[in-house]
Amino acid sequence: MSNAHNGTRDDADTITASRRQPPRWLLLAIALFLGLFYAYDVWEAVGNLVGLNLQAQSLDTQLSGVGWAVLIFAVVLPVLVYTLAYWLGRNRAFGVQALTLLVGLCAVAAVSLDITAAFTLGRLIL
């Protein structure tokens, strides 16, 4: 009798575990939707890199080594954080995955604001 009971319990655990897995398309949709915000951060950072480089050239100067490093870091940061957040949330429930990606997006925004506040145009050009 205990064997029949254990078999039923294992089947119930398997069914419960499969119900907890969200559909793959939903996880992908969440990742793509929030990925658009990360892509916007990358686009904005590339715009800053190109714009500040052109502005420095118009002043007959160039970006400093620190300026290049800061601006390239601002381009790479959203990609790295998105990859890490997606990897951490890949096998989780869709709410956890969305929250992980959202926290990563907030972290990117906070670091971007800190970079903007810490480095003025005068510190980025020679």
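Contact is taken here to mean heavy atoms within 4.5 Å, and helices (H or I, at least four residues) and strands (E, at least two) are DSSP runs numbered from the N terminus. The model is a predicted one, in which local features need pLDDT of at least 70 and side-chain atom pairs count only at pLDDT 80 or more, whereas totals for chains, interfaces and linings use all residues. Residues are numbered from 1 along each chain as its sequence is written, and side-chain values use heavy atoms, with hydrogens and water left out.

The protein chain contains five helices and zero strands. Among contacts between residues at least 6 apart in sequence, 78% join residues at least 24 apart.

Helix α2 (residues 24–58) and helix α4 (residues 94–118) have axes that come within 9 Å and cross at roughly 5°, the axes being lines fitted to C-alpha atoms over the stretch in contact, with angles running from 0 to 180 degrees between N-to-C directions. The two helices α2 and α4 are therefore roughly parallel, a term applied to angles under 35 degrees. The residues of α2 that meet α4 include L34, F37, Y38 and D41, and those of α4 that meet α2 include L101, L105 and V108.

Within helix α2, D41 is buried, with a relative accessible area of 17%. Apart from neighbours within four places in sequence, D41 contacts P78, L105 and V108. By comparison, W68 of helix α3 (residues 65–89) is partly exposed, with a relative accessible area of 32%.

Key
Buried < 20%, exposed > 50% of the residue type's maximum accessible area, 1.4 Å probe, protein only. Parallel < 35°, antiparallel > 145°, perpendicular 65-115°, else oblique.
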